[in-house]
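Good morning, and thank you for coming.

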Amino acid sequence: MSNEPTERNESGGTAANIRAIEDTVQTDFRDRMSYGSYLDLDRLLAAQHPVSMPEHHDEMLFIIQHQTSELWLKLVLHELVEARRLMDADELGQALKCLARVKAILRVLTEQWSVLATLTPREYAQFRGSLGSASGFQSCQYRAVEFILGNKHRGMLKVFDANPAEHALLAGVLAEPTVYDAFLRLLARAGYPVPREILERDASEPWTFRPALVPIFAQIYESEDTVWSLYQACEDLVDVEDLFQGWRFRHLRTVQRTIGFKRGTGGSSGVGFLRRALDLTFFPELFAVRTEIGAS
């Protein structure tokens with residue numbers, strides 16, 4: 001080891017700890033787009049407004065948790081809309097790429113509950129009253145994702161009457177076909193006998209179990225002649241539902257560990273309301289077919 005003294009910089013650090021800025025790195029952004037301006041970080045990072053008085057330290061966690069969830073939900077909806085368009089264009093491979101991204105996002109959303117779970121019941125109780133009637137129940141994007149996956153509920157529109165833009169977004173998704181509708185239309189074009197009444201159904205109505213689809217899916221799963229992408233699409237849709245249900249369950253458990261069985265701030269029954277959501281399903285036939293496969 002050398003006995004020579006180590007050269008120190010002005011801040012007291014050693015020269016070896018300083019990484020030189022390469023000559024080609026841009027440092028003047030007076031006339032150029034920067035990272036911050038591209039991402040609109042001035043507005044994004046100024047969008048956290050705690051309302052507790054005095055401001056409670058943990059309210060920032062609560063706000064950021066929900067804001068980041070809304071950003072991810074925006075991307076989920078963006079990808080599902082594109083997946084539906086691609087299925088309508090018979091570009092199933094690209095549609096599956098979108099579904100793969102949705103699955104990755106749902107995993108992140110589920111794991112994100114572990115951050116909120118660091119909020120103790122006492123800490124949350126100290127600012128929960130400041131939320132008033134604000135609740136995740138009022139998330140327009142969450143409802144839009146549920147709608148495009150098939151869990152449509154016309155009555156939910158009235159929750160958004162006070163916000164014309166959100167009401168219009170949700171009303172549009174309510175009236176449009178679901179991703180599942182698009183997949184069934186693709187199957188029909190591929191020669192599978194999807195009943196006309198299913199293809200021409202009122203897309204604004206919630207999806208209900210159609211027994212006539214089960215034999216079709218059984219054929220897809222059991223036939224050695226099935227185009228692989230069709231089989232993969234079935235499995236990807238099942239993955240989406242499983243991951244969405246996992247997200248719902250983690251939500252329920254996080255709420256239960258934080259507020260117990262208190263009523264939700266938006267007026268719902270809280271844990272009971274969230275538990276009933278676990279009974280909802282997007283693609284019931286894709287689960288029912290598993291009972292039929294190999295049963296004979």
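**Pockets and cysteines**

The residues lining the second largest pocket comprise six nonpolar, three polar and two charged. Please bear in mind that this is a predicted model. The volume of this second largest pocket is about 260 Å³. Among the residues that line it are Leu39, Asp40, Arg43, Ile64 and Leu71. Helix 2 (41-44) and helix 3 each contribute at least two residues to that lining, and helix 3 gives the most, with four residues.

I turn now to the largest pocket, whose volume is about 1,400 Å³. Its lining is made up of 48 residues, and those nearest its centre are Ser135, Gly136, Phe137, Gln138 and His251. Several elements give two or more residues to this lining, including helix 4 (92-116), helix 6 (140-149) and helix 11 (228-259). Which helix provides the largest share? That is helix 3, with nine residues. By residue class, the lining of the largest pocket holds 21 nonpolar, 19 polar and eight charged residues.

Finally, the cysteines. A disulfide is a covalent bond between the sulfur atoms of two cysteines. How many disulfides does a search of the whole structure find? The search finds zero.

Definitions and conventions: Residues are numbered from 1 along each chain as its sequence is written. This is a predicted model: local features need pLDDT of at least 70, side-chain atom pairs count only at pLDDT 80 or more; totals for chains, interfaces and linings use all residues. Side-chain values use heavy atoms; hydrogens and water are left out. A disulfide is a pair of cysteine sulfur atoms within 2.5 Å. On a 1 Å grid over the protein atoms alone, a cavity is a set of points where a 1.4 Å probe fits but cannot get out, and a pocket is an open set with protein on both sides within 12 Å along at least five of seven lines; lining residues have an atom within 4 Å of a point. Grid points are joined across faces, edges and corners, and a volume is the space filled by probe spheres set on the points. Ala, Val, Leu, Ile, Met, Phe, Trp, Tyr, Cys and Pro count as nonpolar, Asp, Glu, Lys and Arg as charged, and the others, Gly among them, as polar.
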